[in-house]
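The sequence and the structure are shown first.

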Amino acid sequence: MAAQKINEAHEHIAKAEKCLKTSLTKWKPDFDSAASEYAKAAVCFKNAKQYEQAKDAYLKEAEYHTENKTLFHAAKAIEQAGMMMKEQKKMPEAIQYIEKACMMYMENGTPDTAAMALDRAGKLIEPINLEKAVDLYQKAAGVFENEDRLRQAVELLGKASRLLVRLKRLDEAAVALQKEKNMYKEIENFPMCFKKTTAQVLVHLHRGDYVAADKCVRESYSLPGYSGSEDCVAMETLLQGYDEQDEDQAYRVCNSPLLKYMDNDYAKLAISLKVPGGGGKKKKAASAPQGGAGGAPSATKDEEDDEYEGGLC
C-alpha cells in the first residue's frame, strides 16, 4: 500500500514538472496545475507516512501558488508543511512554518484564518515550550482583537494568562488578567469578570502586593452584581485574613469549593498561598471563639474590622 502511494506521488510530481515546461506553443508555465499536482503528491506521501517528502511537496505547492499569486492557497500549503514536521516530532520547525503561513494569511486579508492557525500552533507547542505557547496565544488574541472579535480574543488571552501563572511570571500574569477582565466587561460577561477578579487577587497576593489585590476588589464593586456576591465575599474575607495574618481565615477561603474548582493553575495558587509572618501553617488559636490572644489584640482586630468595613462602603 505504502509503495503504491509513493509511486502515485512520483507520478504526480512528473505531471507537475511537465506543467512547468514551456515550448513554442506554450510560453508560460502552468503554475496552477503544477501546484495542484504537488498537492496530490503531498497527500500520497502523507498517506504513505513519508512525512519529509510530503513536507517538500507541500512547499513546492506553496511555491507555485505564490508564483500564481494565489497566496491563501500558498499559506495553506505551508501550514500543511508545518503539520508534516509535527508528525516527525520536529515541533520548533513545525511552528516556524505555521507562523510563516499566518503572516501570509494576514497579507492575504484573512486574519481570522491566521488567528486560528496561531491558536493551533500554541496547542501543538504547549506541551514542550510554554513560553512559545504564551507568545502564540497572545499573537492570536491580538489578531482577533484587531478584528473586534473580543469573545475569541479573550478566550486566547485566558490561555496565555494561565500559562504565565504556571511559568511563575506573575507580573505579566497580573497585566494579562486585567486585560481579560476589561474585555469581559466590554462584552458584558460580568460573571467572568468576577472570576477574573478572584484570579487577580490570588496573583497579587502571591506577588506580595496586598494593595494591588485590594484595589482589584474595590474596582469590581462597580460591576453589576459583584458587591455581596459569593466571589466578592470570599475575596473580602481572604484579604481581611491576609492583612490580619489570620491563617485560619485565609485557609478556609483558599480551600473552599469556590477557589478549589477554579482553573487548575489558579486553584494551585489558592492552596499554596501563605499569609505574612505565618510560614504557611494554620494558626490554631485563630479559630478560638475569643481570638485566642487576650483582650488587647482582640480589640485591635475589631478596630481593623471596622476600618475595613468602612472602606468597603
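A residue is called buried if its relative accessible area is under 20%, exposed if that area is over 50%, and partly exposed in between. The model described here is a predicted one. With 6% relative accessibility, Tyr38 therefore counts as buried. Across the protein chain, which has 313 residues, 45% count as buried.

**Overall make-up**

The secondary structure of the protein chain consists of 16 helices and zero strands.

**Aromatic pairs**

A pair of aromatic rings is described by how far apart the centres are and by the angle of the planes. Rings pair if their centres lie within 6.5 Å, and by this rule the count comes to six aromatic pairs. One of them joins Tyr38 and Tyr64, whose ring centres are 5.8 Å apart and whose planes stand at 25°, so the pair is stacked. Since Tyr38 belongs to helix α2 (residues 31–47) and Tyr64 to helix α3 (residues 51–67), the pair ties together parts that are 26 residues apart in sequence. Tyr64, at 10% relative accessibility, counts as buried, as does Tyr38 at 6%. These two tyrosines are also members of one aromatic cluster, which Phe31, Tyr38 and Tyr64 form.

A further aromatic pair is that of Phe72 and Tyr105, which is tilted, with 5.6 Å from centre to centre and 50° between the planes. Phe72 is in helix α4 (residues 71–87) and Tyr105 in helix α5 (residues 91–107), so this pair ties together parts that are 33 residues apart in sequence. Is each of its members buried, partly exposed or exposed, and what are the relative accessible areas? Phe72 is partly exposed, with a relative accessible area of 27%, whereas Tyr105 is buried, with a relative accessible area of 0%.

**Two helix pairs**

Two packed helices are described by the angle between their axes and by the distance between those axes. The table gives these values for two pairs.

| Helices | Angle between axes | Distance between axes |
|---|---|---|
| α6 (residues 111–125) and α7 (residues 130–146) | about 165° | 8 Å |
| α12 (residues 230–243) and α13 (residues 247–254) | about 150° | 8 Å |

Angles over 145 degrees count as roughly antiparallel, and α6 and α7 are therefore roughly antiparallel to each other. The crossing in which α6 passes α7 is left-handed. On the α6 side the contact is made by residues including Pro111, Ala115, Met116, Leu118 and Ile125, and on the α7 side by residues including Leu136, Tyr137, Val143 and Phe144. Sorted by class, the contact of α6 with α7 has twelve nonpolar, one polar and five charged residues.

α12 and α13 are likewise roughly antiparallel to each other, and their crossing is left-handed. Here the contact is made by Ala234, Met235, Thr237, Leu238, Gln240 and Gly241 from α12, together with Gln249, Ala250, Val253 and Cys254 from α13. The classes in the contact of α12 with α13 are six nonpolar, four polar and no charged residues.

How many of the eight residues of α13 are buried? Six of the eight are, and the helix is mostly covered. The buried residues in α13 are Glu247, Asp248, Gln249, Ala250, Val253 and Cys254, and what covers them includes α12, α14 (257–260) and α15 (264–271). Asp248, which is found in helix α13, counts as buried at 8% relative accessibility. Asp248 is 27 residues from Val275 in sequence, and the two are 9.7 Å apart in space, C-alpha to C-alpha.

**Positive phi in two loops**

Most residues other than glycine have a negative phi. Against that background, Asp148 has a positive phi near 60° although the residue is not glycine. Asp148 is placed in the loop between α7 and α8 (150–166), where it is exposed, with a relative accessible area of 65%. Lys168, also not a glycine, has a positive phi of about 65°. Lys168 lies in the loop between α8 and α9 (170–186) and counts as exposed at 70% relative accessibility.

How values were computed. Residues are numbered from 1 along each chain as its sequence is written. This is a predicted model: local features need pLDDT of at least 70, side-chain atom pairs count only at pLDDT 80 or more; totals for chains, interfaces and linings use all residues. Side-chain values use heavy atoms; hydrogens and water are left out. Rings of Phe, Tyr and Trp (its six-membered ring) pair if their centres lie within 6.5 Å; planes under 30 degrees apart count as stacked, over 60 as edge-to-face and the rest as tilted. Helices (H or I, at least four residues) and strands (E, at least two) are DSSP runs, numbered from the N terminus. Buried means under 20% relative accessible area, exposed over 50%, partly exposed in between (1.4 Å probe, protein chains only). Axes are lines fitted to C-alpha atoms, for helices over the stretch in contact, and angles run from 0 to 180 degrees between N-to-C directions. Angles under 35 degrees count as roughly parallel, over 145 as roughly antiparallel, 65 to 115 as roughly perpendicular and the rest as oblique. A crossing is left-handed if the near helix is turned anticlockwise from the far one by less than a right angle, and right-handed if clockwise. Contact means heavy atoms within 4.5 Å. Ala, Val, Leu, Ile, Met, Phe, Trp, Tyr, Cys and Pro count as nonpolar, Asp, Glu, Lys and Arg as charged, and the others, Gly among them, as polar.
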